[in-house]
Each structure stands twice: as C-alpha cells, then as structure tokens.
Amino acid sequence: FLLLPLITFILNVTALGAAYGTAKAGTGIAAMSVMRPELIMKSIIPVVMAGIIAIYGLVVAVLISGAVQEPVKYPAYKGFIHLGAGLAVGFSGLAAGFAIGIVGDAGVRGTAQQPRLFVGMILILIFAEVLGLYGLIVAIYLYTK
C-alpha cells in the first residue's frame, strides 16, 4: 500500500501539465486579445486541448483506484504495474501539457499578426496532444496485464 500515494502523485502530474498548458496558452490569449479581440474564441483551442490532458490522468486514476484491494489480495507485481501505468500517463501528460502551453502561447500571438499561422498551430497542437494520448494507451495496456 506504500505505492498508492506514489501512484496518486504520478497521476496528478497530468493535472500539473494541463494547468501549465492552460496558464501558458491563457497568457498568450490575453496578450493577443488586446490587438485582435475578435479572435478570442478561436484562440481558446489550446486551452481546451490542455484540459483534455488532465482527463487522461483521471481515466487512469479511476481505473487503478477500482483495482486496488486489501494488502493480502493486492500482490506487489500488480502494484508495480499500476505504478508503471501512472508513470506512463503522468509524465507523458506533463510533457504534452508543456508542449501545448508553449505552442499555444506562441501560436495565438502569431495568429493575431498573421492569420495563416492558425492551421499550422492546430497541427502542432495535435502532435503535442498525441504525446499524452500515447501515455494513456500505454497506461491502459499496462493496466490490463
């Protein structure tokens, strides 16, 4: 049962990545909205994508919490598998959140100056989001073992 706090911490790392991505992209939106207020709603996409990262951690946390049992019925290998699942989704979510925040900040500021950059920003954001999705897939795969 000593692994449970560590698993919880690792899963919460996805929320840290999502929070960073939201904050970083939000500052870019605030700076951009001074020049082009009509683009605010179009520029919310990075914030939404950063929020999805936290959902990945929530899904794995719910799966793992449902599988935890009494110490006698919860072997060590299951605990380490759950730890690995938490590490996979946690650190990939952290990296994806950082990438989404940085790309979102620069992307919305650039889109305010040159609207043709919007499609490129969206493509890069999708590639950053997929990093978190890879972690979710690995975590679910580990969980089923």
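These entries follow the order in which I looked things up.

**Ground rules.** I am working from a predicted model, where local features need pLDDT of at least 70, side-chain atom pairs count only at pLDDT 80 or more, and totals for chains, interfaces and linings use all residues. Residues are numbered from 1 along each chain as its sequence is written, and side-chain values use heavy atoms, with hydrogens and water left out.

**Overall fold.** I counted four helices and zero strands, in the order α-α-α-α along the sequence. Helices (H or I, at least four residues) and strands (E, at least two) are DSSP runs, numbered from the N terminus. The C-alpha trace spans about 60 × 20 × 15 Å along its principal axes.

**UniProt record.** I found "domain: V-ATPase proteolipid subunit C-like" placed by UniProt at residues 13-64 and 83-142, in an unreviewed entry. Such annotations may be inferred rather than shown by experiment. In the model, residues 13-64 are 83% helix, with end C-alpha atoms 15 Å apart. Residues 83-142 are 95% helix, and their end C-alpha atoms lie 9 Å apart.

UniProt also lists "transmembrane region" at residues 6-23, 44-68, 80-105 and 117-143, again unreviewed. I checked two of these. Residues 44-68 come out as 92% helix with ends 37 Å apart, C-alpha to C-alpha. For residues 117-143 I got 100% helix and a C-alpha end distance of 40 Å.

**Helix packing.** How do α3 and α4 pack? Helix α3 (residues 76-113) meets helix α4 (residues 117-143) at about 175 degrees, with axes 7 Å apart. The pair is therefore roughly antiparallel (angles over 145 degrees, on a scale from 0 to 180 between N-to-C directions). Their contact has 21 nonpolar, nine polar and two charged residues.

**Salt bridges.** I searched the whole structure and got three salt bridges (a side-chain nitrogen of Lys or Arg within 4 Å of a carboxyl oxygen of Asp or Glu). One of them joins Lys24 to Asp105, with the closest N and O atoms 3.7 Å apart. Lys24 sits in helix α1 (residues 3-35) and Asp105 in helix α3, so this pair links distant parts of the chain, 81 residues apart. Side chains of opposite charge can pair when their charged atoms come close.

**Surface patch.** I noted a nonpolar patch of about 360 Å², made by Val48, Ile52, Ile55, Val59 and Ile140. Patch residues have over 30% relative accessible area and no salt bridge, with nonpolar side chains joined within 5 Å; areas use a 1.4 Å probe. Helix α2 (residues 45-67) gives the most, with four residues, while Ile140 lies in helix α4.

Note on methods
Angles under 35 degrees count as roughly parallel, over 145 as roughly antiparallel, 65 to 115 as roughly perpendicular and the rest as oblique. Ala, Val, Leu, Ile, Met, Phe, Trp, Tyr, Cys and Pro count as nonpolar, Asp, Glu, Lys and Arg as charged, and the others, Gly among them, as polar. Patches are made of residues with over 30% relative accessible area and no salt bridge: like charges are joined within 9 Å, nonpolar side chains (Val, Leu, Ile, Met, Phe, Trp, Tyr) within 5 Å.
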